[in-house]
Amino acid sequence: MVIKVFLASSSGSTAIKKKQQDVVGFLEALKVDYTELDIACNEDNRLWMRQNVPKDKKPANGIPLPPQIFNEDSYCGDYETFFDAKEDNSVFAFLGLPPPPGSKEALQAEKERVVQNGTHAEEENPDNSVEVPVEEQNGHSHREEEEEEEEGEGGEADDEATAGDEALAEEEEEEVEETDEAREGEEEDEEQEEEAE
């Protein structure tokens, strides 16, 4: 498969030149084999590009501007769609090429193959049963052991913190009781004043 990049070697637009350089530079960095086809010097290239860009992808004036990217005869996209694919780490999918092993795109594709229960699609059981670790089958999981260890590691510091919490709670209860007693005393005083009048 050959990637074809349609360019204009003698474009007067700096924006088009920058877009062309961006596409070519990125393809070179990824070591993708591609062919540059100049539409400024070759009328056949210009006509072929214009005829093979899908109608829904053409601009309002009907004339697509370079760079335009094809995989053989299959249209991949223009600079904007290339840039979006670049941002999404999906340039190889955009180009219709398999990602090289170890690339971000290959790793991303591998993550997408991971099934919700955490296993890989190849590792799924045909009967759809879920394997439970032996510790959990016995009713005791590694997580419970870690919680017990954390509780035991605190020692005296945990005891002091618990004692401090209890003391604070008792003080708050006493304050509430004192406030309640003071209110009751005030109410009694008010009742006695009313009776005296």
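1. Glutamate 72 is found in the loop between E3 and strand E4 (74-78). In this predicted model, the phi of glutamate 72 is near 55°, a positive value in a residue other than glycine. Glutamate 72 has a relative accessible area of 34% and is therefore partly exposed.

2. Lysine 31 is not a glycine, yet its phi is positive, at about 60°. The residue belongs to the loop between helix H1 (14-29) and strand E2 (34-38). Because its relative accessibility is 74%, lysine 31 counts as exposed, the cut-off for that class being over 50%.

3. Proline 67 is placed in the loop between helix H2 (43-52) and strand E3 (68-71). Both prolines, Pro66 and Pro67, are touched by glutamine 20, as are Leu7 and Ala8, when residues up to four places away in sequence are not counted.

4. Glutamine 20 itself is found in helix H1. Is this residue, glutamine 20, buried or exposed? Its relative accessible area is 8%, so glutamine 20 is buried, the limit for that class being under 20%.

5. At the level of the whole chain, there are eight helices and four strands. Read from the N terminus on, the order of elements is β-α-β-α-β-β-α-α-α-α-α-α. Of the 197 residues in the chain, 22% are buried. The chain exposes about 14600 Å², and 46% of this area is supplied by carbon and sulfur atoms. Among contacts in the chain with a separation of 6 or more, 53% are between residues 24 or more positions apart.

6. In general terms, two packed helices are described by the angle between their axes and the distance between the axes. The angle between H1 and H3 is about 40°, and their axes are 11 Å apart. H1 is therefore oblique to H3. The crossing of H1 and H3 is left-handed. On the H1 side the contact is made by Lys19, Asp22, Val23, Phe26 and Leu27, and on the H3 side by Tyr79, Glu80, Phe82, Phe83 and Lys86. By class, the residues of the contact of H1 with H3 comprise six nonpolar, no polar and four charged.

7. Isoleucine 69 lies in strand E3. With a relative accessible area of 0%, isoleucine 69 is buried. Which residues does isoleucine 69 touch, not counting those up to four places away in sequence? They are Ile3, Lys4, Val23, Tyr75, Cys76, Gly77, Asp78, Phe82, Phe94 and Leu95. Isoleucine 69 and threonine 35 are 34 residues apart in sequence, and their C-alpha atoms are 10.0 Å apart in space.

How values were computed. Residues are numbered from 1 along each chain as its sequence is written. This is a predicted model: local features need pLDDT of at least 70, side-chain atom pairs count only at pLDDT 80 or more; totals for chains, interfaces and linings use all residues. Side-chain values use heavy atoms; hydrogens and water are left out. Helices (H or I, at least four residues) and strands (E, at least two) are DSSP runs, numbered from the N terminus. Buried means under 20% relative accessible area, exposed over 50%, partly exposed in between (1.4 Å probe, protein chains only). Contact means heavy atoms within 4.5 Å. Accessible areas come from the Shrake-Rupley method with a 1.4 Å probe; for residues, only the protein chains shown count as cover. Axes are lines fitted to C-alpha atoms, for helices over the stretch in contact, and angles run from 0 to 180 degrees between N-to-C directions. Angles under 35 degrees count as roughly parallel, over 145 as roughly antiparallel, 65 to 115 as roughly perpendicular and the rest as oblique. A crossing is left-handed if the near helix is turned anticlockwise from the far one by less than a right angle, and right-handed if clockwise. Ala, Val, Leu, Ile, Met, Phe, Trp, Tyr, Cys and Pro count as nonpolar, Asp, Glu, Lys and Arg as charged, and the others, Gly among them, as polar.
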